[in-house]
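Notebook open, new model on the screen.

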Amino acid sequence: MAIAAFANKTFQVSSKKIYTFDEFSTGTALQTEKQDVAGKKPSTYIKGPDLDTMSFTIPLSITFGNNVLYEYDSWKAIMAAQKAYRFILGNKPVGGKWLLTSVALSDTIIDKKGTMTKAKLQLQFEEYVRAGAASASKSSTSTKSKSKKSTSKGVSQSDKNILNSLISGEKASQKRNNTNASAAVSKGAKK
């Protein structure tokens, strides 16, 4: 009998195989931003709900009828496909769709032949509402490339004028300092 399902994976217990999960957790949060106020505690700007999260671990063992490396590789393939699926728990979906964002293998036991006989697979999921657009990152990239182009072409005429006035002001200041230093040396020599 199936306990749960995600993508092409079915969690079940039978006489030949035990494939279930532990440490199930899910959470939700609110996105907020602190805005500084002079001399007071910051204001709180509420952006809205954040994406829900879900995680669980899968105990794997040869004695349960599991191939540890195969299971690890197959969950990595689900993550690499970047597709969202429903997580069905006992015939009911948990939330909406979920995107597998992290796959980790821990607590491994390897026998003397080099076979991984036991491990714990840790999976993390994030709620998937809709596909986002890369337009925000593209606009910041194009701004960066524009600024690089302007610097690669050289300094603008107004920047050159400012630079020249700073250099000539610095040279004039240096001349005054040299003149003052020379005068002080001459006075010291006369004494």
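How many bridges join strand 7 to strand 10? I counted nine, and the two strands run antiparallel. For the record, strands (E, at least two residues) and helices (H or I, at least four) are DSSP runs numbered from the N terminus, and two strands pair if DSSP finds at least two bridges between them.

Housekeeping: this is a predicted model, where local features need pLDDT of at least 70 and side-chain atom pairs count only at pLDDT 80 or more, while totals for chains, interfaces and linings use all residues. Residues are numbered from 1 along each chain as its sequence is written, and side-chain values use heavy atoms, with hydrogens and water left out.

**Overview.** I looked up the element list: three helices and 10 strands, running β-β-β-β-β-β-β-α-β-β-β-α-α from the N terminus.

I traced an open sheet of eight strands in the order 3-2-1-8-9-10-7-4, with antiparallel pairing. Strand 3 (18–19) and strand 4 (22–27) are at the edges with a single partner strand each, so one side of each has no neighbour in the sheet.

Next I went through some of the pairs. Strand 1 (residues 2–6) pairs with strand 8 (residues 84–89) over three bridges, antiparallel; Ala 5 has Ile 88 as its bridge partner there.

Helix 1 (residues 68–81) packs on this sheet. I noted that helix 1 touches strands including strand 2 (9–13), strand 7 (53–61) and strand 9 (92–110), a contact being heavy atoms within 4.5 Å. The direction of helix 1 makes about 140° with that of strand 9 (axes are lines fitted to C-alpha atoms, for helices over the stretch in contact; angles run from 0 to 180 degrees between N-to-C directions).

Back to strand 10 (116–128). Phe 125 in strand 10 stands opposite Met 54. Strand 10 also pairs with strand 9 over 11 bridges, antiparallel, and Leu 121 is the partner of Leu 105. Strands 9 and 10 form a hairpin with five residues between them, and Gly 114 in the turn has a positive phi of about 90°.

**Contacts.** Among contacts with a separation of 6 or more, I get 58% from residues 24 or more positions apart.
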